[in-house]
Amino acid sequence: MPRTHQTNLEDAAVLNLTDDVSRRIDRIRKAADDTESARRSRERIMRTGSGH
């Protein structure tokens with residue numbers, strides 16, 4: 001099947017979408033990491049009492 005301008009546009013759209021999705025996943029992962037480390041800090045503070 002020959003490559004057409006339409007096919008190239010579709011490929012570009014798919015790549016753009018994939019890029020957008022991977023950026024979104026990175027943001028979600030980072031937010032999850034931040035939440036996890038905040039939870040660990042809170043647990044550490046509770047274990048040690050006053051947090052000093």
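**Entry 1: a starting point**

In which helix is the place of Leu-17? I looked it up and found Leu-17 in helix α1, which covers residues 5-48. I note at once that this is a predicted model.

**Entry 2: the whole chain**

I counted the elements next. The chain has one helix and zero strands. Then I checked how spread out the chain is. Its radius of gyration is 22 Å, while the globule rule gives 10 Å for 52 residues. The value is well over the rule, so the chain is more spread out than a compact globule. I also looked up the box filled by the C-alpha atoms. Along the principal axes, this box is roughly 70 × 15 × 10 Å.

**Entry 3: surface and charge**

How many of the 52 residues, in percent, count as buried? I wrote down 2%. The accessible surface of the chain is about 4,900 Å². Carbon and sulfur atoms account for 59% of that surface. I then turned to the charges. The chain has 11 positive and 9 negative charges, and their mean positions lie 8 Å apart.

**Entry 4: back to Leu-17**

Is Leu-17 buried or exposed? Its relative accessibility is 56%. The cut-off for exposed is over 50%, so Leu-17 counts as exposed.

**Entry 5: Asp-20 and Arg-24**

Now the salt bridges. I found a count of seven. I began with Arg-24 and Asp-20, whose side chains meet in a salt bridge at 2.7 Å, N to O. Where do these two residues sit relative to each other in helix α1? They are four residues apart, so about one helical turn separates them.

I checked the exposure of both partners. Arg-24 has a relative accessible area of 44% and is partly exposed. Asp-20 is partly exposed too, at 26%. I also noted a network of salt bridges that links Asp-19, Asp-20, Arg-23 and Arg-24.

**Entry 6: Glu-36 and its partners**

Which residue meets Glu-36 in a salt bridge of 2.7 Å, N to O? I found Arg-39 there. Glu-36 and Arg-39 are three residues apart in helix α1, so they are separated by about one helical turn. Glu-36 counts as partly exposed at 31% relative accessibility. Arg-39 is partly exposed as well, at 34%.

Glu-36 also forms a salt bridge with Arg-40. Here the closest N and O atoms are 3.2 Å apart. Arg-40 and Glu-36 both lie in helix α1, four residues apart, which is about one turn of the helix. I looked up the accessibility of Arg-40 and found it partly exposed, with a relative accessible area of 42%.

**Entry 7: a distance along the helix**

Last, I picked Asn-16. This residue lies in helix α1. Is Asn-16 buried or exposed? With a relative accessible area of 52%, Asn-16 is exposed. What separation do the C-alpha atoms of Asn-16 and Arg-40 show? I read 36 Å for this pair, which is 24 residues apart along the chain.

Notes:
Residues are numbered from 1 along each chain as its sequence is written. This is a predicted model: local features need pLDDT of at least 70, side-chain atom pairs count only at pLDDT 80 or more; totals for chains, interfaces and linings use all residues. Side-chain values use heavy atoms; hydrogens and water are left out. The radius of gyration is taken over C-alpha atoms; the globule rule is 2.2 Å times the number of residues to the power 0.38. Buried means under 20% relative accessible area, exposed over 50%, partly exposed in between (1.4 Å probe, protein chains only). Accessible areas come from the Shrake-Rupley method with a 1.4 Å probe; for residues, only the protein chains shown count as cover. Lys and Arg count as positive and Asp and Glu as negative; His and the chain ends are not counted. The place of a charge is taken as NZ of Lys, CZ of Arg, CG of Asp or CD of Glu. A salt bridge is a side-chain nitrogen of Lys or Arg within 4 Å of a carboxyl oxygen of Asp or Glu.
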